[in-house]
Amino acid sequence: MSTAEDETKPSADDPTNNDGGGEEEEDLEKLQAEIARMEEEAARIAQETEDLEKSKDGGTDAAKSDESKTAAAADGTKKDGHSVYVGQVDYSSTPEELLAHFESCGTVERVTIVCDKFTGKPKGFAYLEFQNESAVENAIKLDGSTFKERQLKVTPKRVNDPYYYGGRGRGRGGRGFRGRGRGFGRGGYGRGG
C-alpha cells in the first residue's frame, strides 16, 4: 500500500514537480538580475569618482594625500584661531544662552559646553567658535562681563603645542630615568639618622 502511494506522490527532486520550483527559479532569476544591476551601478560610481578626482587635482596620489594632510592641519589651526575659551560659565547654562550673550561679537558657528564624561554634568567652561578673527577680538572684549550672575573669563583658545613644555625630552628638564639607586629617595644608605 505504501508503494502505490509513493508512486502517485511527486518527489521534491522530480523536475516535473511544479508546486514551488517555478517560483524558486523566478526568484533566482530576479536576484541574479538585481545583482547584475548593482554591479553595473558600482562600476559606474567608481568611474565617476575616478573622473572627478582626475578633474579636481590632476596630480599624483602621493601629492594629493600630502596636500590633504597639510590642508587639514592648517584648517584645524585656522579653526582654533577662530575660537575662544569661556571660563566661569554657570552650570545651568545652555548653548543657546551663551550664543545669545556672544552674538553681538559676530557670527558664532559652534558652542561647546564641556561636560564630565562620567556624570554628564557641565564642568563650568565652554568653547565658542566664530566665523572670523575679528569676532574673536570682539569676544575677548567681553572678558569680565556678567553672565547669569557670574563674571566670565574669556581668552583665545589655547592650541596644544607639543614643544611648549621643553620639546621632546623624557620628563622635565630632559634628565631621563635615574632609577632607585643608593642615596636617592627615602631610606637610602649612609644617610644617618
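**Entry 1: a serine in a loop**

Is Ser93 buried or exposed? I looked it up: Ser93 is buried, at a relative accessible area of 9%. Buried here means under 20% relative accessible area, exposed means over 50%, and partly exposed lies in between (1.4 Å probe, protein chains only). Before going on, I note that this is a predicted model, in which local features need pLDDT of at least 70 and side-chain atom pairs count only at pLDDT 80 or more, while totals for chains, interfaces and linings use all residues. Residues are numbered from 1 along each chain as its sequence is written, and side-chain values use heavy atoms, with hydrogens and water left out.

I place Ser93 in the loop between strand 1 and helix 4. Helices (H or I, at least four residues) and strands (E, at least two) are DSSP runs, numbered from the N terminus. A polar atom of the Ser93 side chain lies 2.9 Å from the backbone oxygen of Asp90. Setting aside neighbours within four places in sequence, I find Ser93 in contact with Ile113, Phe147 and Lys148; contact means heavy atoms within 4.5 Å.

**Entry 2: the chain as a whole**

I listed the elements next: the protein chain has five helices and six strands. From the N terminus on, they run α-α-α-β-α-β-β-α-β-β-β. Of the 193 residues, 15% count as buried. I also checked contacts between residues at least 6 apart in sequence, and 60% of them join residues at least 24 apart.

**Entry 3: the sheet**

How many strands form the open sheet, and in what order? I read four, in the order 2-3-1-6, with antiparallel pairing. Two strands pair if DSSP finds at least two bridges between them. Strand 2 (108-115) and strand 6 (153-156) are the edges; each has a single partner strand, so one side of each is left without a neighbour in the sheet. From one strand to the next the twist averages 20°.

I then followed strand 2 into strand 3. The two form a hairpin with six residues between them, and Gly120 in the turn has a positive phi of about 80°. Strand 3 (residues 122-130) runs antiparallel to strand 2, and six bridges join them. Along this pair I see Val111 with Leu128 as its bridge partner, and Cys115 opposite Pro122.

**Entry 4: helices on the sheet**

Which strands does helix 4 lie across? Helix 4 (residues 95-102) lies across strand 1 (83-87), strand 2, strand 3 and strand 6, and runs at about 135° to strand 2. Helix 5 (residues 133-140) also packs on the sheet, where I find it touching strand 1, strand 3 and strand 6, with its direction at about 20° to that of strand 1. For these angles, axes are lines fitted to C-alpha atoms, for helices over the stretch in contact, and the values run from 0 to 180 degrees between N-to-C directions.

**Entry 5: the nonpolar core**

I looked up the largest nonpolar core, which has 17 residues. Such a core is a set of buried Ala, Val, Leu, Ile, Met, Phe, Trp, Tyr and Cys residues joined through side-chain atoms within 4.5 Å. Val84, Val86, Leu98, Phe102, Leu128, Phe130 and Leu152 touch the most other members. Strand 1, helix 4, strand 2, strand 3 and helix 5 each supply at least two residues of this core.

**Entry 6: salt bridges**

How many salt bridges does the structure hold? I find six, each being a side-chain nitrogen of Lys or Arg within 4 Å of a carboxyl oxygen of Asp or Glu.

- Lys148 and Glu97 meet at 2.8 Å, N to O. The pair links distant parts of the chain, 51 residues apart: Lys148 sits in the loop between strand 4 (146-147) and strand 5 (150-151), and Glu97 in helix 4. Lys148 is partly exposed at 34%, and Glu97 is partly exposed at 31%.
- Arg110 and Glu129 have their closest N and O atoms 3.8 Å apart. Arg110 belongs to strand 2 and Glu129 to strand 3, 19 residues apart. Glu129 is buried, at 9%.
- Lys54 and Glu50 have their closest N and O atoms 3.4 Å apart. Both lie in helix 2 (residues 21-56), four residues apart, about one turn of the helix. Lys54 is exposed at 54%, while Glu50 is partly exposed at 39%.

How values were computed
A polar contact is a pair of N or O atoms within 3.5 Å; within protein, one must be able to donate a hydrogen and the other to accept it, and residues adjacent in sequence count only if both atoms are side-chain atoms.
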